[in-house]
Amino acid sequence: SDHMENIYGYLMKYTNLVTGWQYRFFVLNNDAGLLEYFVNEQSRHLKPRGTLQLAGAVISPSDEDSHTFTVNAASGEQYKLRATDAKERQHWVSRLQICTQHHTEAIGKNNPPLKSRSFSLASQGSANSPGVQRRLSQNAVSFFNVGHHRLPTGKRVPIMQPDHLVDVREMMSQAEGQQRDLIRSIECLPVSGHLTSLDQDLLMLKATSMATMNCLNDCFHILQLQHASQQKGSLPAGTTISWLEPKISLANHFKNGAAQNFPAEINKPASVREEQSIVEPCQLTREPEEINSDEELEDICDDKEDDLGAVEEQRSVILHLLSQLKLGMDLTRVVLPTFILEKRSLLEMYADFMSHPNLFVAITNGATPEERMIRFVEYYLTSFHEGRKGAIAKKPYNPIIGETFHCSWRMPKGQVATDAGNNFSAHSPSEQVILSKDVEGQTELDYYTVKFVAEQVSHHPPVSGFYAECVERKMCVNAHVWTKSKFLGMSIGVTMVGEGLLSLLEHGEEYTFSLPCAYARSILTVPWVELGGKVNINCVKTGYSASINFHTKPFYGGKLHRVTGEVKQNTTNTVVCRVQGEWNSVLEFTYSNGETKYVDLTKLSVTRKRVRPLEKQGPFESRRLWQHVTESLRDGDIDKATEHKRALEERQRNEERLRAETETPWCTKYFLKEGDGWVYHKPLWKTVSTAQTQQTDAN
């Protein structure tokens, strides 16, 4: 292939925390399938300073920036590299991926499967024997080739007959027995010594063998369905073939509702006892509380999630968890390890989508329906990047039922665009601080206030409601989101089921919108987040709609975080605006008049939210509720954070059990169930309508 040429050049290589990044001369040897590097080009004739075998490797562009990428070898060794620009990175990544694929396929062709043989660690002698690990890997290879036969080339595969399915079932039963023996043998190993049951390679073997058997069972199930359809003629219309439910139950400590082994009460910190003894929420006041925004102070909390240390140290725990999971499995009831948590609740993460309130308020200033729809799309696409705290993918706290979060934003009226050409500002951080201070000295007439409230309205399924309003501009947004998470192998997918409604009362317009899916990728190495899926924005009154596609990165090549979309007038089917770019970097808007606008999200000013101090928050407000977990995570005390988290979850389970026994329904505080959705109890469209009616009656 023309793309299989050897390439070479300088790249920056990350060495360690002390040395940091260093320039090194790299050579891609396509014939040998090697990536080699030297101190400089002049030393190329000497022995390489380092060499990676590319067969079986994974080449991953990083989302830290457009220059960085990693090469993860099958041996476990990793190179973190940085090119001079995005174009050079793409050149290296594509050539490395082509070379990797070529040599990986060559190994498969040149190494026919071994004859199957039973696997037993017990027959391999003592666990401390020097040859055990080598023989273990050899037998693991033979284990995964049970029942594998090479078909003669050029021959058509016959349709499976019933007796063939019986043969397959028998071979799978043998494989399942061997897999159980493998798991049992690993778990019977000592917890200390030369080879232990917590060895990372063995935990990986457990995880992959479990996933393999589950996938084989699913494939066998599909074969049975296909055979049944051949006997009956065809599958009925609308029939779907989906993944089966897990065949292996999770360990108790991964289940919500399972008994937890807590330390004796006397040994628990006072804060843990307090968390478990808070009164049943419905016995507290469930009346909506009016939050005085004057009590809120500008938030000084800035928890960036860039620390990989805990993830690196706890990798064996992740591997053990993965060995219990199954492709497509719903993770709603799976309690994930504490060390992968962000230092904030999911409810607060929703609030961070409003970090550009000036763009939100500017929507209603659009002079025409077309301009208002475009402004909403511009705001919508700028709302996601600030929702991520750092490049490392971590999970926010699962909100406790009844948990709430309140905050607000203030911005000088001069910051809000009144015309289409002035919709984006790009203040530097220092300018943003000045603007923030200016707000403090201004009267209420000089600034706009956007208020936000969120509440966890349901535990199973996990549903959150959130609402934001700007009374001065007579606009509000109401949304409810059900987060459905699934295990996808080496990544986790989260579907945001629900709908949002933006109301512009000055114009009598309502805009419905949905949210994209989120994916945590590379959960065993450097986890990162990407968005995916198609979302729609629609305004029935004006006839304008928008279609936005968040593109997930293809397996080979392609850009990260790419987004495309268009705004059109439905009646005439005319496209009035197109957008493309990256949702966390630069967006390009092209309008029907031929104008083009570029928005660099990394330079957009962020308005800090205002929150009440902890001492003024109620016991079920997010920051006060999770304060001990957050403090422990900041201190790096994972065990203590886990203990506080368990106390909160145990209390929630006890409350849920008590409500079930007494047949007491859960009563929400701020949101009311309407049809399939949840609506804020006092939305602006109701209060404004009431005020207008009273004014009319008075006249």
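**Ground rules.** I number residues from 1 along each chain as its sequence is written, and I work with heavy atoms for side-chain values, leaving out hydrogens and water. Since the model is predicted, I ask for pLDDT of at least 70 for local features and 80 or more for side-chain atom pairs, while totals for chains, interfaces and linings use all residues.

**Entry 1: cavities.** I looked for cavities, meaning sets of points on a 1 Å grid over the protein atoms alone where a 1.4 Å probe fits but cannot get out. Grid points are joined across faces, edges and corners, and a volume is the space filled by probe spheres set on the points. I found 7 cavities of 30 Å³ or more.

I then turned to the second largest cavity, with a volume of about 210 Å³. Its lining (residues with an atom within 4 Å of a point) has 16 residues, and Phe353, Met354, Tyr379, Phe466 and Phe513 lie nearest the centre. Helices here are DSSP runs of H or I with at least four residues, strands are runs of E with at least two, and both are numbered from the N terminus. α10 (369–382) and β13 (463–470) each supply at least two lining residues; α10 gives the most, with 3.

What classes make up this lining? I noted 15 nonpolar residues, 1 polar and no charged ones. Nonpolar covers Ala, Val, Leu, Ile, Met, Phe, Trp, Tyr, Cys and Pro; charged covers Asp, Glu, Lys and Arg; the others, Gly among them, are polar.

**Entry 2: rings.** I paired rings of Phe, Tyr and Trp (its six-membered ring) with centres within 6.5 Å, calling planes under 30 degrees apart stacked, over 60 edge-to-face and the rest tilted. The count came to 21 aromatic pairs. Tyrosine 8 and phenylalanine 25 have ring centres 6.0 Å apart and planes at 40 degrees, so I logged the pair as tilted. Tyrosine 8 sits in β1 (residues 7–14) and phenylalanine 25 in β2 (residues 21–29), so this pair ties together parts 17 residues apart in sequence. Tyrosine 14 and tryptophan 21 form an edge-to-face pair, 5.4 Å centre to centre with 65 degrees between the planes.

Tryptophan 21 also has arginine 82 over its face, 4.0 Å from the ring centre. For this I required NZ of Lys or CZ of Arg within 6 Å of the ring centre and within 35 degrees of the ring normal.

**Entry 3: salt bridges.** With a side-chain nitrogen of Lys or Arg within 4 Å of a carboxyl oxygen of Asp or Glu as the rule, I counted 22 salt bridges. Glutamate 506 and arginine 473 meet at 3.1 Å, N to O. Glutamate 506 lies in the loop between β15 (492–504) and β16 (509–513), and arginine 473 in the loop between β13 and β14 (475–487), so the bridge ties together parts 33 residues apart in sequence.

Are these two buried or exposed? Glutamate 506 is partly exposed at 40% relative accessibility, whereas arginine 473 is buried at 12%. Buried means under 20% relative accessible area, exposed over 50% and partly exposed in between (1.4 Å probe, protein chains only).

In helix α14 (residues 638–662), glutamate 649 and lysine 645 are 4 residues apart, about one helical turn, and bridge at 2.9 Å, N to O.

Conventions
On a 1 Å grid over the protein atoms alone, a cavity is a set of points where a 1.4 Å probe fits but cannot get out, and a pocket is an open set with protein on both sides within 12 Å along at least five of seven lines; lining residues have an atom within 4 Å of a point.
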